[in-house]
Amino acid sequence: MHPYLPNNEEDLRLMLESIGVSTVDDLFKVIPGNVRLGRELNLDPAQSEIEIRRQITDLAGKNKSIDDLTCFLGAGSYDHYIPSTVKHIVSRSEYYTAYTPYQPEIAQGTLQGVWEYQSMMCLLTGMDVSNVSMYDGPTAAAEAAILATSSSRRNTVLISETMNPETKEVLEAYLNFRGITIKYIPANDGVTDFSKLGEMLDKDVAAVMVANPNFCGMIEDVSASVEEIHKNKSLLIMQVDPISLGILKTPGEIGADICVGEGQSLGQNLNYGGPVLGFMAVTEKLVRKMPGRIIGQSKDVDGNDAYVLTLQAREQHIRREKATSNICSDQTLNSIAAAVYMATMGPDGMRDAALQSMKKSHYLAKELEKTGKFKMKHSGPYFKEFVMETDLDIDEMNAKLMDKGILGPMNLDAFGMDKSVLFCVTENRSREEMDRLVSELEGM
């Protein structure tokens, strides 16, 4: 297989002849002339494969990745350790070239891989059932809200103000066109003000959605409000960081009905934004309202383990009005990568990654406070992210850090938090890297 095959005039003639037309223009004659470009594309002259490779390499070299930078940026995508087994296994062609396993008899490997993923996600979240995956964390949250309204036949969702602003934007985009009302629970000192919940709950509230940890990295105390939510016959939707579940109570233990989140932390590269996977797990009573697909384990005619598509309630398979979602695919390869990650790390490894992330973030926060240029914005417990206030010019600060090979914290000005930044520390960060960051900031 050749990576670069330019077509010459003879190639063009043969293709047109096979199609049965004389010129390329004949291919587009059905398109009105007034909407055509009317000239040749403004492209550089043809180049050899050697020249093209050199040009592409030069362009790619202008990007900076976490292989080049020390990362202290989070806010939804994180620089966690990825065991080498992940890339080794998902690089196998039977995984990365596979499509939807409609024919289980020839897709047992893929089906078992995602069945293992589902099983481990249930163990990690404490929920009864997990689907294969969703597209990403924000769309999983939106699908959870839709699931809650369809199952309860109610039309309002209460969403914590402390959720990731980008997730809130996706929720608004999805729910607005379904006529679902969103109301926001206010925040106090970086966490959800659950004292306001009682006056907001009514007979039209389908669900309450809370992130734990939330956008500011703060750990939410959801447990005390679960009984109040369920007494109103509303569902509790929790959006969680899967790494945090190595040390925090699971949504199942807390009493959540639906658990969603971004699965990028589970062995997925940052990849400049994607692809990633969203995860969703629910209680057993909600399984038939769950979007996407569920893989099950059965036996074949010889009594051997066999894996099958157990449930796929989408409009490709059932009447549109009875479909749970318009999700027509999932992130199967990413799900398998997550399964390999969880199997490699194991319970002890997941716990260690969570503990190191938390301890290192607290170390960095204390060291930054010692400089006198940063102070904590919130007073409660946090996981691996924390918000600090500073009088430094944040954009200038991050530009100087970038020159030193450091990817600095997120500027929160755009999210209504003036003079505030969101730092993130994962288990990948060493003490030397954190001390270097502090030293650079002290000198500004």
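F374 and F423 are both buried (under 20% relative accessible area, with exposed meaning over 50% and partly exposed in between, for a 1.4 Å probe and protein chains only). The model is a predicted one, in which local features need pLDDT of at least 70 and side-chain atom pairs count only at pLDDT 80 or more, whereas totals for chains, interfaces and linings use all residues. Residues are numbered from 1 along each chain as its sequence is written, and side-chain values use heavy atoms, with hydrogens and water left out.

The structure contains 5 aromatic pairs (rings of Phe, Tyr and Trp, the latter by its six-membered ring, with centres within 6.5 Å; planes under 30 degrees apart are stacked, over 60 edge-to-face and the rest tilted). In one of these, the ring centres of F215 and F415 are separated by 5.6 Å and the planes meet at 75°, so the arrangement is edge-to-face. F215 is located in the loop between β7 (205–212) and α10 (223–231), and F415 in the loop between β16 (410–411) and β17 (420–424); the pair therefore ties together parts 200 residues apart in sequence. Helices (H or I, at least four residues) and strands (E, at least two) are DSSP runs numbered from the N terminus. F215 is buried, at 8% relative accessibility, while F415 is partly exposed, at 31%.

An edge-to-face pair is also formed by F374 and F423, with 5.8 Å from centre to centre and 75° between the planes. This pair links distant parts of the chain, as F374 lies in the loop between α12 (332–370) and β13 (375–376) and F423 in strand β17, 49 residues apart. Both residues belong to a cluster in which ring pairs link F374, Y382, F386 and F423.

Charged side chains also sit over aromatic rings (NZ of Lys or CZ of Arg within 6 Å of the ring centre and within 35 degrees of the ring normal). The charged end of K384 is placed over the ring of Y78, 3.7 Å from its centre, and that of K168 over the ring of Y184, at 5.5 Å.

On the surface, L12, M15, I19, V24, L27, F28, V30, I31 and V35 make up a nonpolar patch with about 800 Å² of accessible area together (Shrake-Rupley method, 1.4 Å probe). Patch members have over 30% relative accessible area and no salt bridge, and nonpolar side chains are joined within 5 Å; a salt bridge places a side-chain nitrogen of Lys or Arg within 4 Å of a carboxyl oxygen of Asp or Glu. Helix α1 supplies the largest share of the patch, 3 residues. V24, in helix α2, is partly exposed, with a relative accessible area of 35%.

Note on methods:
Patch = residues over 30% accessible without salt bridge, like charges linked within 9 Å, V, L, I, M, F, W, Y side chains within 5 Å.
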